[in-house]
Amino acid sequence: MDDLIQYRLAAANEKLASAKLLLEAGMYKDSVGRSYYSIFSAIRAVLAVSQVDFSKHAGVISYFQKEFIKTGIFDKKYSKYLQQAFQIRNSCDYELLYMFI
């Protein structure tokens, strides 16, 4: 199990590094996508501690909120960050003229 956790954390760090490079290159929407997936990979590492995983983003997010936010293991602010990142990433990927500041 530790290997899976480490693998997912390494993936999160790699995606974050990619997000930084994209940001520096002015590729803002792609940077947002990599940033979100960095967060998502880190959360999947947390879920691996409980030996849980889901095939859809909504399942991962819902379980994380139920088992780690509502129980107080993680502060509620992380739920807000996750929801915002998910929404912004979706908007960047799927809305034709999405602009963010």
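This is a predicted model: local features need pLDDT of at least 70, side-chain atom pairs count only at pLDDT 80 or more; totals for chains, interfaces and linings use all residues.
## Overall fold

Taken along the principal axes, the C-alpha atoms fill a box of roughly 40 × 25 × 25 Å.

Of the 101 residues, 32% count as buried, while the protein as a whole exposes about 6,900 Å², with carbon and sulfur atoms supplying 57% of that area. Where contacts join residues at least 6 apart in sequence, 45% of them link residues that are at least 24 apart.

## The pairing of α3 and α4

Helix α3 covers residues 57–69 and helix α4 covers residues 77–94; their axes come within 11 Å and cross at roughly 170 degrees. Angles over 145 degrees count as roughly antiparallel, and α3 and α4 are therefore roughly antiparallel to each other.

On the α3 side, the contact is made by His-57, Ile-61, Phe-64, Gln-65 and Ile-69, and on the α4 side by Tyr-78, Ser-79, Leu-82, Gln-83, Phe-86 and Arg-89. Sorted by class, the residues of this contact comprise 6 nonpolar, 4 polar and 1 charged.

## Two buried residues

Arg-89, one of the residues through which α4 meets α3, has its place in helix α4. Is this arginine buried or exposed? Its relative accessibility is 6%, and because buried means under 20%, Arg-89 counts as buried. Leaving aside neighbours within four places in sequence, Arg-89 is in contact with Val-32, Gly-33, Tyr-36, Tyr-37, His-57 and Tyr-94, and His-57 is itself among the α3 residues that make the contact with α4. The C-alpha atom of Arg-89 is separated by 14 Å from that of Leu-23, a residue 66 places away along the chain.

Leu-47 lies in helix α2, and this leucine is buried, with a relative accessible area of 0%. Which residues touch Leu-47 when neighbours within four places in sequence are left aside? They are Val-52, Phe-54, Val-60, Tyr-63, Phe-64 and Phe-68, and of these Phe-64 also takes part in the contact of α3 with α4. Although Leu-47 and Ile-5 are 42 residues apart along the chain, their C-alpha atoms are separated by 8.7 Å.

Apart from neighbours within four places in sequence, Ile-39 is in contact with Leu-82 and Ala-85, and Leu-82 is one of the α4 residues in the contact with α3. A further link to α4 can be traced through Phe-86, another residue of that contact: the C-alpha atoms of Ile-39 and Phe-86 are separated by 9.4 Å, while the two residues are 47 apart along the chain.

## Exposed residues in the loops

Two loop residues can be set beside the helical ones. Gln-51 is found in the loop between α2, which spans 28–49, and α3, and its phi angle is near 55 degrees, a positive value in a residue other than glycine. The relative accessibility of Gln-51 is 62%, and because exposed means over 50%, Gln-51 counts as exposed.

Ile-73 lies in the loop between α3 and α4, and this isoleucine is exposed, with a relative accessible area of 56%.

Notes
Residues are numbered from 1 along each chain as its sequence is written. Side-chain values use heavy atoms; hydrogens and water are left out. Axes are lines fitted to C-alpha atoms, for helices over the stretch in contact, and angles run from 0 to 180 degrees between N-to-C directions. Helices (H or I, at least four residues) and strands (E, at least two) are DSSP runs, numbered from the N terminus. Angles under 35 degrees count as roughly parallel, over 145 as roughly antiparallel, 65 to 115 as roughly perpendicular and the rest as oblique. Contact means heavy atoms within 4.5 Å. Ala, Val, Leu, Ile, Met, Phe, Trp, Tyr, Cys and Pro count as nonpolar, Asp, Glu, Lys and Arg as charged, and the others, Gly among them, as polar. Buried means under 20% relative accessible area, exposed over 50%, partly exposed in between (1.4 Å probe, protein chains only). Accessible areas come from the Shrake-Rupley method with a 1.4 Å probe; for residues, only the protein chains shown count as cover.
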